[in-house]
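Here is a short briefing on one protein chain. Topics follow in order: fold, strands, aromatic rings and a helix.

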Amino acid sequence: MAEQIEAKRATVEMDVYSGMPNPAWELTSAEIASLVKQVAELPPASRVAMSGRLGYRGFIVSLQQETQEWWIRVYGGVVEINKDPANSYALDEQRRLERWLLGTRKAHLNEELRKMAESDLDGR
């Protein structure tokens with residue numbers, strides 16, 4: 001991707017609940033660096049509609065750098081980057097970034113949520 005992303009802080013939210021708080025966790029500095037590198041290596045895509053279904057809908061990563069904030073949504077092989085003034089998109093057809101995000105806190109999610117995400121990632 002052409003757009004450079006920098007962040008000092010990143011919060012990952014597993015987008016799974018409607019009307020309840022989603023599970024969320026902070027990334028370490030090393031994980032933030034890995035996330036930025038992985039996003040930068042993805043091929044760009046034209047605008048893609050993200051899923052509006054119920055249940056597991058991937059991850060939303062909120063990034064902060066000084067006074068700037070933006071987010072990245074990762075689901076179903078698509079990465080949407082919302083950094084003003086406009087959104088950009090990238091393809092992650094093998095869903096590697098999504099699997100990596102699950103792995104950053106997989107042990108801290110309850111078994112039901114882990115299985116739900118893994119089932120979606122494995123196409124079951």
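Buried means under 20% relative accessible area, exposed over 50%, and partly exposed in between, with a 1.4 Å probe and protein chains only. By that cut-off, helix α2 (residues 96-105) has the buried residues L97, E98, L101, L102, T104 and R105. Seen down the axis of α2, these buried residues fall within an arc of 155°, so they line one face of the helix. The arc is that of the directions from the helix axis to the C-beta atoms.

The model is predicted: local features need pLDDT of at least 70, side-chain atom pairs count only at pLDDT 80 or more, and totals for chains, interfaces and linings use all residues. Residues are numbered from 1 along each chain as its sequence is written, and side-chain values use heavy atoms, with hydrogens and water left out.

**Overall fold**

- The protein has 3 helices and 7 strands. Helices (H or I, at least four residues) and strands (E, at least two) are DSSP runs, numbered from the N terminus.
- From the N terminus on, the order of elements is β-β-α-β-β-β-β-β-α-α.
- Of the 124 residues in the protein, 45% are buried.
- Take the contacts (heavy atoms within 4.5 Å) between residues at least 6 apart in sequence: 59% of them join residues at least 24 apart.
- The accessible surface comes to about 7,000 Å², and carbon and sulfur atoms hold 49% of that. Areas come from the Shrake-Rupley method with a 1.4 Å probe; for residues, only the protein chains shown count as cover.

- How many residues of strand β6 (residues 78-83) are buried? The count is 6 of 6, and the strand is mostly covered.
- V78, E80 and N82 point one way from β6, while V79, I81 and K83 point the other way. Both sets are buried.
- β5 and β6 run antiparallel and are joined by 5 bridges. Two strands pair if DSSP finds at least two bridges between them.
- V74 has V79 in β6 as its bridge partner.
- The β5-β6 hairpin has 2 residues between its strands. In the turn, G76 has a positive phi of about 60°.
- On to strand β7 (residues 86-91): 6 bridges join it to β6, again antiparallel.
- V78 stands opposite L91 in β7.
- The β6-β7 hairpin runs through 2 residues.

**Aromatic rings**

- The whole structure holds 3 aromatic pairs. Rings of Phe, Tyr and Trp (its six-membered ring) pair if their centres lie within 6.5 Å; planes under 30 degrees apart count as stacked, over 60 as edge-to-face and the rest as tilted.
- Why is the pair of Y56 and F59 edge-to-face? The ring centres of Y56 and F59 are 6.0 Å apart and their planes stand at 75°, so the pair counts as edge-to-face. Both residues are buried.
- Y56 also pairs edge-to-face with Y75, at 5.7 Å centre to centre and 70° between the planes.
- That pair links distant parts of the chain, 19 residues apart. Y56 sits in the loop between β3 (44-45) and β4 (59-65), and Y75 in strand β5 (residues 68-75).
- Y56 counts as buried because its relative accessibility is 0%. Y75, at 13%, counts as buried too.
- One aromatic cluster takes in W25, Y56, F59 and Y75.
- R95 lies over the face of Y75, at 5.4 Å from the ring centre. A charge sits over a ring if NZ of Lys or CZ of Arg is within 6 Å of the ring centre and within 35 degrees of the ring normal.
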